[in-house]
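Colleague: Could you take me through this model before I start on it? I'd like to ask things as we go.

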Amino acid sequence: MARPPGLLRAALLLLTAASSAPRRRCGPVALPQDTVLGRPGANVTLLCREREPPNGTVLWSGRRRALGGGNALLLGGLRPEDAGRYSCHLGGHTLRTVRLLVEEPPEPPHVSCSRRSHDKDVLCEWRPRASPAPGTRAVLWMKRRFTMENATEQRCHFYSAAQKFVCRVKVPPGTDDTKALVVSVCVSSRAGSAAAEDRIFTLNGILKPDPPLNVTVEAVERSPQRLCVRWSYPPSWDPRFYWLRFQVRYRPEPAPNFTQVDQVTRTWLDIRDAWRGMRHVVQFPAEDDPYGYGATLPPELFGDDTADDAGGAVLEAAVRSPTSPYALLVAGGSLLLAIILCFAIGMRYKQRARAQRGAKLEGGGQHPMVPLCPPGSPLSATPLLSPAAPPGPLHVTNLDYFLSGK
């Protein structure tokens, strides 16, 4: 059964109203009585009375030195220093005092929102091209999309040191980080008002953690082509909640292109293709991908003014071999001692082999008859077992004693 066109049209209107921006009335600040507004470079006319007095001449006094007379005072080519109070006089009496404001209307803000962690407030900020006029107000409204709930209103503050507006919005506990939110901003002053374009985002989509801290780059011992980059989590992010995925890139100083490593979940990176003897630039650039959790390091954090055009902190490290000369000396002495020992053992065995060959050559001709026992000595006078010789000293320090085969 088809729906009636009236119900369908009403549902569409209701859905449009629910998804519309939470902006309220965005108008200029009301001017006080006897206040006239003029823009820089424009002309303005100040009136003393609605009708010109019949007798006498009206004189004016104010910020400018040379002022004309008459009931209407024309000021052309306004400048900011022309702002102030102007009075008209007749016969020594002040008839009226008018306050002149010389201001530009506020410019439309270009708002960007971010969140440092899942448990932090949402910060929306923008930087105007010129300092706002005194009395300028900025208001932010935020609500969930496709709902009829009331929007949350938050006043924004201008920080003169940073020259930007900042709005801090508290996130209620239990808010779904994947639901879409709608943000509207209005800036108003006595010279006019301006509204920002509506921003639609999710809390997960605006996560922007702080930069990593304690970044160091060190050469790896006995590895001239390796660098070890270490860092730590920022205090605003609890790694027990979620792990960050860092993006690191590096290049040798003479090379124009970076080597980039993405999705680093550890707090260290082992670079294995460094150039030996060259200084290297290491950066933590910011990623546009909200789930990449990239972070930008300001160059002044390390006191280095060699930042690349793409932004990020620059760390310089030279790849040098950190091997100590004493270690090289010990290794060389040990090798020389081993060579001498092997040469001595070889010479000993060579001399022994020559002696054995000489003995065989001398007794190789005839075999003389040798009596079993010398004449004149009876067999009974010869003991069957000769007494054992007393043990001699152990030649511990004599190398030939161990190599002679005794």
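Colleague: How many salt bridges does a search of the whole structure find?

Modeller: The search finds 14 salt bridges in this predicted model, a salt bridge being a side-chain nitrogen of Lys or Arg within 4 Å of a carboxyl oxygen of Asp or Glu. As it is a predicted model, local features need pLDDT of at least 70 and side-chain atom pairs count only at pLDDT 80 or more, while totals for chains, interfaces and linings use all residues. Residues are numbered from 1 along each chain as its sequence is written, and side-chain values use heavy atoms, with hydrogens and water left out.

Colleague: Which residue does aspartate 34 form a salt bridge with?

Modeller: Its partner is arginine 96, with 3.2 Å between the closest N and O atoms. Aspartate 34 sits in the loop between α1 (5-19) and β1 (35-38), whereas arginine 96 belongs to strand β6 (residues 93-102), so the pair ties together parts 62 residues apart in sequence; helices (H or I, at least four residues) and strands (E, at least two) are DSSP runs, numbered from the N terminus.

Colleague: What does glutamate 107 pair with?

Modeller: Glutamate 107 forms a salt bridge with arginine 129, the closest N and O atoms lying 3.5 Å apart. Glutamate 107 is in the loop between β6 and β7 (112-115) and arginine 129 in the loop between β8 (122-126) and β9 (137-144), so this pair links parts that are 22 residues apart in sequence. Glutamate 107 is partly exposed at 23%, whereas arginine 129 is exposed, with a relative accessible area of 76%. Elsewhere, salt bridges with shared partners join Arg79, Glu81 and Asp82 into one network.

Colleague: Changing topic, which residues have the most contacts inside the largest nonpolar core?

Modeller: They are Val111, Cys113, Val122, Cys124, Trp126, Leu140 and Val185, in a core of 21 residues; a nonpolar core is a set of buried Ala, Val, Leu, Ile, Met, Phe, Trp, Tyr and Cys residues joined through side-chain atoms within 4.5 Å. At least two residues of this core come from each of β8, β9, β11 (164-169) and β12 (180-189), and β12 gives the largest share, four residues.

Colleague: What is cysteine 124 in contact with, leaving aside its neighbours within four places in sequence?

Modeller: Cysteine 124 is in contact with Val111, Ser112, Cys113, Leu140, Phe165, Val166 and Cys167, where contact means heavy atoms within 4.5 Å.

Methods:
Buried < 20%, exposed > 50% of the residue type's maximum accessible area, 1.4 Å probe, protein only.
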